[in-house]
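The sequence and model are shown next.

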Amino acid sequence: MPAVTYRYQALKESLAAAITSSAARGDDPRLPHALAVVSGLATNGYLASLLVSRYARLGDPNAARAVFDPAAAATPSSSSAAPPKPLLYNAMLRAYLSLGLPREAAQLFRGMLPSACPRDRHTYHLAATACARAGDLELGRRVGADAAAAGLASDLLVATALVGMHAEAGDMGAARRVFDGVPRPDAVAWNAVIGGYARAGRLGEAVGMFGRMRSADGARPTEATLVSLVSGCAGSGTWRDGGMMHGVVVKSGFHCSLFVSNALLEMYSELGSLGKAVTVFRHMEVKDSVTWSSMIGGLVRSGKPGHAVKLFHWMVLNSEVLVTRSILLNVIMACAELGNWREGKWIEESFVLRNCSAFKRDTSVLTALIYMYAKCGQLGLSETLLYGSAEVKSDVVAWNSLIKGCGELGQVEKAFEFAVEMQRMGIDPDVVTFLEILPMISLIPSLKKGMEAHAQIIRRGFQNERTIANSLVSMYGRCGSLSLSVGAFTGIMDKDAISWTSMMQVYAWNGLAAEVVKLFELMKGTEAQPNHYTSVAVLTACKNMGLVEEGMGLLRCMKEQYGLEPHIEHISCVVDMLCRAGRLIDAYHLIQNSHSEHAKNPILWGALLSGSRSWGNLVIGEAAARHLLSLDPENRANYKMLADIYVSLGRRDNADDVLRVLMSRELDLRPGYSWTEGG
């Protein structure tokens with residue numbers, strides 16, 4: 001080997017060792033970087049890639065790019081610049097991704113010309129990952145096409161990234177085509193496609209792929225597989241799906257996994273099955289901050305904020321888990337729901353304002369406290385926190401929270417004042433600001449203020465935001481202007497279920513039940529899928545118009561066609577409709593055949609008993625009364641309705657027997673109250 005070449009190689013290896021050792025010791029890489037520049041080796045692809053990675057680990061993307069650019073521009077003709085270009089580009093792509101800059105990574109790949117630099121499997125993997133995180137599906141498709149042209153589409157590393165990218169964009173057809181082209185997918189690839197189906201709400205297909213994975217060679221379900229399935233069920237499943245998914249977890253042997261148990265806990269909380277969530281929580285031998293946050297948040301969402309605060313105190317006193325941002329946000333929300341600002345103040349002083357607290361400058365926590373104080377009626381404390389914290393003083397999110405708190409407190413005028421003050425301080429309202437203000441205008445209601453807000457919306461270019469337009473439809477309807485409501489609805493180019501439902505509700509408020517039914521027929525010809533609120537609006541219209549068969553048909557197709565589990569509001573509406581039409585037997589069978597929780601609801605049996613009294617049907621009336629008196633034995637109105645039925649049929653003795661039972665239970669001795677009496 002020539003002496004010059006030997007010295008060059010030795011110097012390169014020495015610099016590489018210096019860069020690597022500086023990373024191991026945590027030393028500043030600028031010294032070996034300077035030596036590389038002085039020796040003319042800074043454009044060497046291998047050394048440059050090491051420096052790029054080192055600066056990325058230090059969190060300095062600008063320094064990494066300053067190393068990358070001259071090395072990437074170096075011509076291969078020079079003796080010191082024959083860089084392995086894929087290695088250099090891959091290092092920079094990986095650096096951007098590790099620093100949370102996927103758009104920059106995607107842009108770098110876009111400018112990476114194949115003629116100047118060949119691409120390898122790692123390049124396509126990193127590029128697809130960047131496109132997924134940046135939401136750049138157009139470039140992602142190009143990455144997939146280029147990888148296929150290079151014969152790498154079925155490469156496990158590349159294919160897994162492409163599956164994840166397509167799944168993230170909701171294109172499960174493309175994700176599945178890539179996945180099916182992989183000869184022997186591993187657990188990561190299976191998890192990507194299963195997670196994609198779960199996130200897209202296609203739970204059946206996710207479970208089907210899970211079954212295939214269990215029987216496939218070379219891959220076994222992992223914690224990530226079960227977490228994806230359970231999380232998907234939380235987002236789009238029902239309580240039945242939740243039970244099935246829990247069974248899958250137990251059969252797969254992951255019921256003791258902390259991560260899977262946390263996912264189950266969150267799933268039950270999201271599905272409203274608080275009892276099941278508590279059971280999972282109690283059986284967890286190990287609990288981390290995620291566990292406590294999920295349980296506290298689940299209690300808040302389930303309307304039990306007092307229990308949430310008690311659980312927080314128990315955690316602080318009896319566990320070694322540190323209070324996290326998520327836990328704080330949930331317990332502060334519990335204080336807001338309770339209206340207990342003193343508890344919130346104690347939490348602020350104990351965990352936010354104490355020395356060395358990381359939450360002093362945490363905008364999320366400060367914003368939650370501002371909302372909590374406002375909702376509890378302590379606007380002075382809210383303003384002090386807002387104006388006294390540089391982190392939130394100019395933050396529109398914090399101002400929106402203050403406005404929201406005022407609205408929920410009923411201080412509508414105060415909310416308007418804060419909205420004006422915010423603009424005086426140079427903070428522009430955003431979409432959320434108007435989404436808070438418009439419902440408040442509906443409560444007053446004030447058509448003048450509504451039109452002023454609409455003018456501001458147009459001025460700021462938000463008129464094409466669908467959420468804003470939907471809110472305008474409801475606001476004008478509440479303010480009594482059907483024509484302006486129709487105008488706002490007509491102007492929505494891409495109507496969703498909320499758009500259609502809002503307009504149906506406005507027609508219903510104006511007593512135009514026929515228009516509700518017509519609008520629903522128009523909606524069925526679009527891609528918008530009815531939701532539970534749509535069904536309530538249409539069923540109410542059918543009830544008011546006496547369209548019994550149409551109402552019964554909608555109730556049937558809720559589950560069969562739209563995948564909606566009927567709630568108590570839907571069953572109650574149809575029972576009332578059947579009772580009005582005198583079809584008491586059908587109403588009785590509907591309640592009996594409903595979900596067990598609905599069949600035990602006294603509201604339904606009360607409606608049937610009331611209908612039986614109106615039609616003088618003793619057989620159904622007695623059956624309804626039996627159910628009702630066992631479910632709600634303390635309600636004297638039920639006894640009186642049954643007695644009225646006996647009286648209407650001339651059976652005075654039976655009526656007296658019922659009234660004697662009523663008197664013996666002392667239910668008729670309660671004092672009555674009148675809205676017109678003081679007291």
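In this predicted model, the axes of helix H29 (residues 482-490) and helix H30 (residues 497-509) come within 10 Å and cross at roughly 165°. An angle over 145 degrees counts as roughly antiparallel, and H29 is therefore roughly antiparallel to H30. The crossing of these two helices, H29 and H30, is left-handed. On the H29 side the contact is made by Leu482, Ser485, Val486 and Phe489, and on the H30 side by Ser499, Trp500, Met503, Val506 and Tyr507. Sorted by class, the contact of H29 with H30 has seven nonpolar residues, two polar residues and no charged residues.

Two further helix pairs can be described in the same terms. Two packed helices are described by the angle between their axes and the distance between the axes.

For helix H11 (residues 187-199) and helix H12 (residues 203-215), the axes come within 7 Å and cross at roughly 160°. That makes H11 roughly antiparallel to H12, and their crossing is left-handed. H11 contributes Ala187, Trp190, Asn191, Val193, Ile194, Tyr197 and Ala198 to the contact, while H12 contributes Leu203, Glu205, Ala206, Met209, Phe210, Arg212 and Met213. The contact of H11 with H12 has eleven nonpolar, one polar and two charged residues.

Helix H7 (residues 121-134) and helix H8 (residues 137-149) have axes that come within 9 Å and cross at roughly 160°. H7 and H8 are therefore roughly antiparallel to each other, and H7 passes H8 in a left-handed crossing. In H7, Tyr124, Ala127, Ala128 and Cys131 meet Leu139, Gly140, Val143, Asp146 and Ala147 of H8. The residues of the contact of H7 with H8 divide into seven nonpolar, one polar and one charged.

The axis values are collected below.

| Helix pair | Axes come within | Crossing angle |
|---|---|---|
| H29 and H30 | 10 Å | roughly 165° |
| H11 and H12 | 7 Å | roughly 160° |
| H7 and H8 | 9 Å | roughly 160° |

Over residues 395-429 the chain is 77% helix and 0% strand, with the end C-alpha atoms 10 Å apart. Over residues 496-530 the chain is 69% helix and 0% strand, and here the end C-alpha atoms are 9 Å apart.

Next come the aromatic rings. A pair of aromatic rings is described by the distance of the centres and the angle of the planes. The structure holds eleven aromatic pairs. One of them is formed by tryptophan 292 and tryptophan 314, which are stacked at 6.0 Å centre to centre, with 25° between the planes. Tryptophan 292 lies in helix H17 (residues 289-301) and tryptophan 314 in helix H18 (residues 305-318), so the pair ties together parts that are 22 residues apart in sequence.

The last item is a backbone feature. Most peptide bonds are trans. Isoleucine 444 and proline 445, however, are joined by a cis peptide bond, with omega about -25°. Proline 445 is placed in the loop between helix H26 (431-443) and helix H27 (447-459).

Key: Residues are numbered from 1 along each chain as its sequence is written. This is a predicted model: local features need pLDDT of at least 70, side-chain atom pairs count only at pLDDT 80 or more; totals for chains, interfaces and linings use all residues. Side-chain values use heavy atoms; hydrogens and water are left out. Helices (H or I, at least four residues) and strands (E, at least two) are DSSP runs, numbered from the N terminus. Axes are lines fitted to C-alpha atoms, for helices over the stretch in contact, and angles run from 0 to 180 degrees between N-to-C directions. Angles under 35 degrees count as roughly parallel, over 145 as roughly antiparallel, 65 to 115 as roughly perpendicular and the rest as oblique. A crossing is left-handed if the near helix is turned anticlockwise from the far one by less than a right angle, and right-handed if clockwise. Contact means heavy atoms within 4.5 Å. Ala, Val, Leu, Ile, Met, Phe, Trp, Tyr, Cys and Pro count as nonpolar, Asp, Glu, Lys and Arg as charged, and the others, Gly among them, as polar. Rings of Phe, Tyr and Trp (its six-membered ring) pair if their centres lie within 6.5 Å; planes under 30 degrees apart count as stacked, over 60 as edge-to-face and the rest as tilted.
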